Structures are given as structure tokens and as C-alpha cells.
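Okay, thanks for coming, everyone. Let me put the structure up.

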Amino acid sequence: MSPFPQNARILMYSHDTFGLGHLRRCRTIAHSLVDAFSGLRVLIISGATIAGAFDYRARVDFVKIPSVIKLRNGEYTSMNRHIDLHDTLKMRQSIIRHTAETFEPDIFIVDKEPMGLRREVEETLVYLKTRGTALVLGLREVMDAPHLLKSEWERNDVLRKVDQLYDDIWVYGPPDFYDPLLGLEVPQSLRAKMNFVGFLQRQASSKPRNGTRERDDYILVTTGGGGDGSDLIRDVINAYDSDPTLTQRALLVLGPYMPAEQRQQLTQAGARNPALEIIEFDNRMEDLIAGAKAVVAMGGYNTYCEILSFDKPALIIPRIQPREEQLIRALRAYELGLVDMLHPDESVDGARLSQALKDLLKRPPPSVTAPHMQLDGLSNICQMVNTWLGRDSSDHLSVVQGGLPS
């Protein structure tokens with residue numbers, strides 16, 4: 001088989017044990033790639049329980065592996081309580097390897113977890129390495145607190161394996177925002193593979209929303225997947241209840257992974273205030289953010305891309321456990337003038353959060369407060385894929401007009 005066949009294939013891996021961030025990032029990249037290259041097919045391996053709830057472009061598909069859920073204490077458990085975690089991981093590993101053997105990708109992009117959940121991708125990486133597949137590791141611009149990441153990666157010998165197996169490392173942020181490997185003793189050979197591609201731009205859908213009423217003039221409050229988002233929703237409801245002068249309409253999205261009992265309690269609590277509308281989930285979150293006056297969020301990676309893409313004033317109330325990723329990102333974004341920030345210890349004060357929400361409505365958008373923040377990640381990724389595939393617009397794998405920057 002030639003290294004870059006006429007109908008090129010990219011395989012992506014998204015372990016998806018908590019929230020929707022990994023799948024949504026992979027889906028965004030996949031859509032950008034098939035838009036840019038007319039002969040390309042992309043297959044996403046995902047552990048997200050609701051991977052099928054999203055729309056996918058032509059030539060983008062997904063393979064669902066058994067779901068594993070990450071608990072708030074950092075431990076894992078099988079989504080199917082009747083199947084042992086060890087057996088679930090064996091099934092996932094087998095499906096990943098079989099998919100790679102059958103799909104025969106030219107490029108394999110692994111999201112965030114270099115060896116996969118509990119090393120489930122390591123065997124497949126070694127196999128694809130022998131076939132000459134280009135292996136790419138994609139990292140968020142913030143992984144975790146340096147001391148926590150250092151401990152985790154040293155315990156599993158991750159740096160050596162990454163340097164040995166991967167051909168390229170894409171950091172999904174600009175170089176002046178944050179270094180995801182800060183505090184680690186990274187060999188120069190690995191540093192040389194790192195490309196800070198920039199934040200990933202998002203777009204609202206052009207398709208009509210059948211059966212969904214139009215909304216306007218609202219603050220959007222989003223928890224992402226919602227598994228750890230109940231505190232944010234509770235605090236916003238409390239802020240509205242404690243301040244009768246806070247009458248700005250707000251749309252609160254609980255997230256599909258919020259536990260049912262919390263979802264019911266918060267829905268009942270919010271129903272008492274006519275300014276609040278609560279929904280469980282929307283698979284077109286980009287549309288909701290595009291239509292909002294401002295955004296209140298915990299501050300996962302995708303949220304920042306959307307805030308920048310749609311130029312929305314934002315208030316971030318980050319999660320601080322078990323990972324410090326959101327806190328680090330919020331502090332850096334606040335320092336750069338991109339967002340307002342409130343620590344979760346402060347947001348429990350209804351009066352404090354109410355004032356922060358009022359201030360948010362007066363805040364200029366990021367294009368004014370942080371004009372240097374660019375969103376060129378997708379175009380840079382397309383350029384690198386074009387280089388990897390060794391093609392230009394005259395070959396069978398053609399670059400669609402406008403798909404790549406001039």
C-alpha cells in the first residue's frame with residue numbers, strides 16, 4: 001500500500017469518559033478536514049454515550065466503544081454496571097485495534113490521552129507505527145496542574161512513549177496562551193514535534209431548527225456535559241432568587257450527563273423565576289452561544305473557542321476538582337482580558353454573583369478586550385494534514401476552494 005492513497009483516511013480517537021469536550025473537538029476537526037479535502041474520509045472512535053446525538057458531515061462517521069464513566073473522585077467505572085471495568089476495557093481495546101486494522105488510516109489522531117484510557121490505544125499505536133501511519137497527538141492548551149500531570153505521566157512513562165511513537169503533537173491553542181507540558185522535563189526531540197496550532201474556530205449551523213422556538217435577549221448558562229455542573233446552575237438560580245432587580249432572561253442548559261435527581265431539583269427550583277428557562281441538552285450548542293448576549297460557563301476548552309468564535313462577553317466560574325485545568329485556563333484568560341472570572345467559592349454568594357451577572361451585560365466582547373486572540377487552529381491543521389498527505393490541489397485528494405488559507 002502506498003503511504004498516501006488516493007482516497008485518504010484519517011482515524012481519530014476520543015476516549016470520552018467525562019463530558020463532551022473530547023468528542024466535540026474531534027468532530028469539529030473532522031468536519032473542517034472533510035470540508036477542505038474532497039477525497040478524505042474521517043472515522044472517529046468515541047466512548048461518549050451520546051455520540052449518536054450529534055449530526056455528522058458526509059464522509060465523517062463514528063465507531064462507538066463501550067462507555068466508561070469517570071467519577072468525580074477521578075476513578076472509573078463501566079457505564080453498564082453489569083460488566084466489569086476490566087472486561088469493558090478489554091472490549092474497547094479490541095474494537096480500537098480491529099477498527100484500525102480494517103479502516104487502514106493514513107493518519108491516526110489521538111485526543112488528549114497519549115496511550116488512551118488505561119493504555120487501551122498503545123497496542124494500536126505500535127501496530128500502526130509498523131504500517132507507516134502518521135501518528136498525531138492532539139493536546140488541549142491546558143492539560144492540568146503541572147504537579148498533577150507530572151505525577152501521572154511519570155508514573156506511566158508517558159513522555160518516553162510519546163517521543164518514541166508519535167510523529168507530531170498538535171497543541172490546540174496559541175503559543176502565548178499556555179504550555180500544556182509546563183513543569184515536565186520534556187526532551188528536545190519531543191519539543192521539536194510540538195506545533196501550537198491555535199484555538200479551533202466554531203460556526204453556527206446553517207440548517208433551520210425545526211420544532212424549536214426562537215430565543216433572543218438571553219444570557220446563556222452552560223455546564224458542558226453537566227456531570228459536574230449542578231453547582232453552577234444552583235448558584236445562578238440563587239443569584240436570581242436573591243436579587244429581584246436581576247431580570248435579564250437567562251437560558252440554563254443542564255447538560256446530558258447531569259444526574260437525574262439533580263436535574264429534577266434544579267428544574268423545579270428554576271421554574272419559580274419567570275426570567276429563567278432551563279433545558280437539558282441541545283446538540284447545536286454553537287447556535288445557542290451565537291444567539292446569546294453573554295455566556296456564563298465553567299470554562300472547558302470548547303467554551304473558550306465558542307466565546308472567541310462568536311465574540312461573546314463571558315463570565316467563567318471554573319471547576320477546581322479533580323483537575324485544575326479549568327481554573328488554570330480561567331486565570332490565564334482573565335489575565336489576558338478575554339473573560340471575567342469568579343471563583344466558585346465566591347459564586348455561592350447570591351449577591352456577589354448577581355452583581356457579576358449585571359457587570360457581564362456591560363462587558364465589551366473579546367474582540368475589544370483581547371483582540372490578539374486568534375482562531376486559526378483549523379486552517380493550520382488543514383495545512384499540516386495537506387503536508388502529511390503529500391498532496392496538492394491538482395491531485396485526486398483535492399483541496400476544496402477556500403478550505404485552506406492562502
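Predicted model: local features only at pLDDT ≥ 70, side-chain atom pairs only at ≥ 80, totals over all residues.

Let's start with helix α11, residues 325-335: 8 of its 11 residues are buried, so the helix is largely enclosed by the rest of the structure. Buried here means under 20% relative accessible area, exposed means over 50%, and partly exposed is in between, with a 1.4 Å probe and protein chains only. Helices are DSSP runs of H or I with at least four residues, strands are runs of E with at least two, and both are numbered from the N terminus.

Before I go on, a quick word on what you're looking at. Residues are numbered from 1 along each chain as its sequence is written, and side-chain values use heavy atoms, with hydrogens and water left out.

Back to α11. The buried set is Glu325, Gln326, Leu327, Ile328, Arg329, Ala330, Arg332 and Ala333. And what do the buried residues of α11 pack against? They're in contact, meaning heavy atoms within 4.5 Å, with β7, α4, α10 (301-309), β14 (314-316) and β15 (340-341). After α11 comes glycine 337, with a positive phi near 85°.

Now over to α3, residues 122-131. Its buried residues are Glu122, Thr124, Leu125 and Leu128. Looking down the axis of α3, those buried residues fall within an arc of 155°, so they line one face of the helix; the arc is taken from the directions from the helix axis to the C-beta atoms. As a reminder, an α-helix has 3.6 residues a turn, so residues three or four places apart point the same way. That buried set of α3 packs against α2 (85-103), β6, β7 (134-140) and α5. Here too a glycine follows the helix: glycine 132, whose phi is positive, near 85°.

Let's take the α5 partner on its own. The axes of α3 and α5 (residues 158-165) come within 11 Å and cross at roughly 25°. That makes α3 roughly parallel to α5. For the cut-offs, under 35 degrees is roughly parallel, over 145 roughly antiparallel, 65 to 115 roughly perpendicular and the rest oblique. On the α3 side we have Glu122, Leu125, Val126 and Lys129, meeting Lys161, Gln164 and Leu165 in α5.

Arginine 118, in the loop between β6 (107-111) and α3, has a phi of about 50°, and at 48% relative accessibility it counts as partly exposed. Aspartate 157 is in the loop between α4 (146-155) and α5, with phi near 55°.

One more pair: α7 (residues 230-242) and α13 (residues 350-360). How are they packed? At an angle of about 90°, with axes 8 Å apart, and therefore roughly perpendicular to each other. Among the residues in the contact are Tyr240 in α7 and Leu357 in α13.

Tyrosine 240 takes us to glycine 270: the two are 30 residues apart in sequence and 9.2 Å apart in space, C-alpha to C-alpha. Glycine 270 belongs to helix α8 (residues 260-270) and is buried, at 1% relative accessibility. Leaving aside residues up to four places away in sequence, glycine 270 touches Ile237, Leu276 and Ile278.

That's my tour, thanks.

How values were computed:
Axes fitted to C-alpha atoms, helices over the stretch in contact; angles between N-to-C directions.
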